[in-house]
Amino acid sequence: MIRRFFRYTSQNISAMIGLSLYILADTFFISKYAGADGLATLSLFLPAFGILYGVGLMLGNGFATVYTIGKASGEDVSTHFIQALLWALVLGFPIAILGYLFPSSIMRLLGGQQSHIALGSGYVRILMSMTPVFFLNFICGSFARNDNAPTLAMVASLVGSFSNILFDYLFLFVFDWGFQSAATATVISPCLSILILSFHFLGKRGGVGLKIGRPSLKVFFRSCALGMSSFMAEISSGITIFVFNNLIMGLSGSIGVAAYSITANIAYVPGALYGGIADGSQPLLSESYGKDDRKSLHLCLKLGLVSILIAAILVVSCCWLFTGPIVNVFNGEQDAELARTAFTSVRLYSLGFLVSGINMMLISFYAATDKPKPEIIGSFSRGCVSIVICALVMSRIWGLIGIWLSFLCAEVLTLFILLAISKRRFFR
């Protein structure tokens with residue numbers, strides 16, 4: 001179990017780190033190309049991107065979890081993969097149409113001012129038009145990982161991520177195709193990943209089954225319930241960014257939003273580490289649960305929690321020791337006010353990383369072991385209730401400082417809720 005745990009999680013962490021690196025590279029290139037306005041525009045769109053990312057993860061991890069539990073318990077799961085792909089198209093196309101037709105309205109809804117709308121509308125149209133492809137990529141990656149091909153899933157993710165970095169540079173600085181070309185670079189990434197993953201599903205080693213069956217609402221809703229932790233993890237980021245952007249815009253204007261954009265994008269790195277550990281352990285947790293192997297189940301959970309604690313200490317230490325250099329990387333115009341605001345933001349916001357990973361692992365444990373109710377309670381608390389209440393209340397009392405600390409406060413509240421639930425149900 002220990003060897004398999006580190007094999008699955010290390011490969012998943014590599015893939016997730018690759019994803020976070022391309023997000024950081026995207027932020028870096030945009031900061032160099034469009035300055036503070038570009039950073040603010042990117043930050044304003046992040047909540048919408050978080051929703052797309054969250055729905056994709058919910059479908060991918062949810063269907064893959066149902067597949068793994070069913071396979072371990074001897075059920076017929078030969079139609080689950082094709083069902084997941086069909087649902088991705090059903091949910092993806094309406095979003096793509098809305099994004100193509102109303103990009104300016106979406107930017108305005110997200111709190112953008114006229115300068116942000118003018119700069120970001122083309123970016124939104126390109127990115128949202130490719131929503132079905134993003135969903136298909138998440139499903140293929142999750143099923144490949146759960147079908148004993150974590151290495152291929154990692155390779156596909158890394159190729160997609162690093163191709164995005166390459167095309168970002170080429171489109172923005174070599175060809176100078178404008179701000180929206182960064183979105184074009186982003187949509188190329190999942191296309192390449194799907195192409196690589198298709199070799200597994202169409203080859204002899206693929207075991208997920210390509211049988212076409214009648215779409216089952218029961219399987220769909222069960223998958224969504226078990227994928228809710230992945231969805232809420234991303235939605236929590238989107239809701240946080242949306243609430244923070246609007247509060248910060250009122251307190252500090254575009255400079256404050258640009259500073260938060262730096263912090264929010266840095267947050268993808270610990271999110272990738274924690275998500276790599278939590279999602280990487282999911283196939284092992286689901287398999288142990290399906291076989292009723294409680295010893296392996298509890299060992300996997302403990303390994304995940306210890307790994308996340310070690311990662312959290314390292315991440316927060318780096319954020320405090322290297323705050324200045326981190327901020328300077330994304331401060332392309334060397335704006336002194338932006339540097340001061342971002343310096344405080346990074347340090348105080350990063351304290352929440354000490355707790356957020358533990359919450360992600362506990363919620364993932366519930367999802368992997370077919371316990372949707374406590375999973376949804378924890379996810380909903382972390383993603384919606386706690387962070388919104390803390391941000392609204394603490395910003396009233398302490399202004400920007402309160403906003404930066406509200407992330408830590410919300411994660412601590414969620415941890416108390418999860419521990420209260422776990423006292424009664426955790427190891428049953």
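At 3% relative accessibility, S181 counts as buried, where buried denotes under 20% relative accessible area, exposed over 50%, and partly exposed the range in between (1.4 Å probe, protein chains only). The structure is a predicted model, in which local features need pLDDT of at least 70 and side-chain atom pairs count only at pLDDT 80 or more, whereas totals for chains, interfaces and linings use all residues. Residues are numbered from 1 along each chain as its sequence is written, and side-chain values use heavy atoms, with hydrogens and water left out.

S181 belongs to helix 7 (residues 181–202); helices (H or I, at least four residues) are DSSP runs numbered from the N terminus. A polar atom of the S181 side chain lies 2.6 Å from the backbone oxygen of G178. Such a polar contact is a pair of N or O atoms within 3.5 Å; within protein, one atom must be able to donate a hydrogen and the other to accept it, and residues adjacent in sequence count only if both atoms are side-chain atoms. When residues up to four places away in sequence are not counted, S181 touches F171 and L172, a contact being defined by heavy atoms within 4.5 Å.

D176, in the loop between helix 6 and helix 7, has a positive phi of about 50 degrees although it is not a glycine. N148 likewise is not a glycine and has a positive phi of about 65 degrees. The position of N148 is in the loop between helix 5 (131–146) and helix 6 (150–174), and its relative accessibility of 51% classes N148 as exposed.

The loop between helix 5 and helix 6 also holds D147, which pairs with K71 of helix 1, so that parts 76 residues apart in sequence are tied together. The side chains of K71 and D147 meet in a salt bridge with an N to O distance of 3.9 Å, the criterion being a side-chain nitrogen of Lys or Arg within 4 Å of a carboxyl oxygen of Asp or Glu. K71 is partly exposed at 43% relative accessibility, whereas D147 is buried at 4%. In total, the structure holds 3 salt bridges. One of them joins the side chains of K291 and E287 at 3.7 Å, N to O; here K291 is exposed, with a relative accessible area of 54%, and E287 is partly exposed at 22%. Another is formed by the side chains of R294 and D292, also with an N to O distance of 3.7 Å. In that pair, R294 is partly exposed at 35% and D292 is exposed at 57%. In general, side chains of opposite charge can pair when their charged atoms come close.

The interior was examined in terms of nonpolar cores, each a set of buried Ala, Val, Leu, Ile, Met, Phe, Trp, Tyr and Cys residues joined through side-chain atoms within 4.5 Å. The largest nonpolar core contains 98 residues, of which F45, Y123, L127, F244, Y260, Y274 and F353 touch the most other members. Helix 1 (residues 2–72) supplies the largest share of this core, with 22 residues. Apart from it lies another core, of 32 residues, including M58, L85, A153 and I235. With neighbours within four places in sequence left aside, F244 is in contact with Y260, Y349, I387, A391, I403 and S406.

V219 is located in helix 8 (residues 217–226) and is buried, with a relative accessibility of 16%. Beyond its neighbours within four places in sequence, V219 is in contact with F63, H80 and Q83. V219 and Q83 are 136 residues apart in sequence, yet their C-alpha atoms are 8.8 Å apart in space.

At the surface, I376, F380, V385, I389, L392, V393, I397, W398 and I401 form a nonpolar patch with about 820 Å² of accessible area together. Patches are made of residues with over 30% relative accessible area and no salt bridge, with like charges joined within 9 Å and nonpolar side chains (Val, Leu, Ile, Met, Phe, Trp, Tyr) within 5 Å. Accessible areas come from the Shrake-Rupley method with a 1.4 Å probe; for residues, only the protein chains shown count as cover. Helix 15 (residues 372–398) contributes the largest share of the nonpolar patch, 8 residues. V385 is found in helix 15 and, at 37% relative accessibility, counts as partly exposed.

Terms used: Helix = DSSP H or I, 4+ residues; strand = E, 2+ residues; numbered from the N terminus.
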